Amino acid sequence: MDEIDRTGLRRRSSSHVAVRTCVGCRRTDSRSVLLRVTVREDEAGPPRIVPDVRRRLGGRGAWLHPDPDCIEQAVRRRAFARALRVGAPVDLSPLTAYLDRLRS
């Protein structure tokens, strides 16, 4: 809901929550629940999907629940390549290693 301030301009109320869509399950959720991932490319190998924990890395990002089922669905649907606009197959090892560390 928008509020009108003293100058007559609209501003968002403080109860606004940023909502994003998970590329795996396609459910919407708040930014605080989802993990942002980006792609890092170098000449050594395929593009790597890396977690952007601080949500500050440059470039295009995609949002994902930190859940193995959502990763599996995203891989099956080829959602990472589509959301991040990458033409080549992607390497998920940095992302899966990060999620393994979270679970242990």
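Where does Arg77 lie? Arg77 sits in the loop between α1 and α2, where helices (H or I, at least four residues) and strands (E, at least two) are DSSP runs, numbered from the N terminus.

## About the model

This is a predicted model, in which local features need pLDDT of at least 70 and side-chain atom pairs count only at pLDDT 80 or more, while totals for chains, interfaces and linings use all residues. Residues are numbered from 1 along each chain as its sequence is written, and side-chain values use heavy atoms, with hydrogens and water left out.

## Around Arg77

Arg77 counts as partly exposed, at 33% relative accessibility; buried means under 20% relative accessible area, exposed over 50%, and partly exposed in between (1.4 Å probe, protein chains only). Leaving out residues up to four places away in sequence, Arg77 touches Val23, Gly24, Arg26 and Arg82, with contact meaning heavy atoms within 4.5 Å. Cys25 is 52 residues from Arg77 in sequence, and the two are 9.9 Å apart in space, C-alpha to C-alpha.

## The sheet

Let's turn to the strands. Three of them form an open sheet in the order β6-β5-β7, with antiparallel pairing; two strands pair if DSSP finds at least two bridges between them. β6 and β7 stand at the edges with a single partner strand each, so one side of each has no neighbour in the sheet. On average, neighbouring strands here are turned by 35° against each other, direction ignored. α3 packs on this sheet and touches β5, β6 and β7, and its direction makes about 30° with that of β6. For such angles, axes are lines fitted to C-alpha atoms, for helices over the stretch in contact, and angles run from 0 to 180 degrees between N-to-C directions.

β5 is joined to β7 by four bridges, and β5 also pairs with β6 over four bridges. Five of the six residues of β5 are buried, so the strand is largely enclosed by the rest of the structure. Val37 stands opposite Ala62 in β7, and its bridge partner in β6 is Pro51. Thr38 faces Val50 in β6.

## The nonpolar core

The largest nonpolar core has 22 residues, and those with the most contacts inside it are Val23, Val37, Ile49, Leu64, Phe80 and Leu95. Such a core is a set of buried Ala, Val, Leu, Ile, Met, Phe, Trp, Tyr and Cys residues joined through side-chain atoms within 4.5 Å. Two or more residues each come from β5 (35-40), β7 (61-64), α1 (68-76), α2 (79-84) and α3 (93-103).

## Leu57 and its loop

Leu57 is found in the loop between β6 (48-51) and β7. Leu57 is partly exposed, with a relative accessible area of 34%. Beyond residues up to four places away in sequence, Leu57 touches Arg36, Thr38, Arg40, Val50, Pro51 and Asp52. Arg36 is 21 residues away from Leu57 in sequence and 9.4 Å away in space, C-alpha to C-alpha.

## The cysteines

A search of the whole structure finds zero disulfides, a disulfide being a pair of cysteine sulfur atoms within 2.5 Å. For Cys22, the nearest cysteine sulfur is that of Cys25, 3.7 Å away. Cys22 is buried, with a relative accessible area of 0%. The sulfur of Cys70 is 3.8 Å from its closest cysteine sulfur, in Cys25, which is too far for a bond. Cys70 counts as buried too, at 3% relative accessibility.
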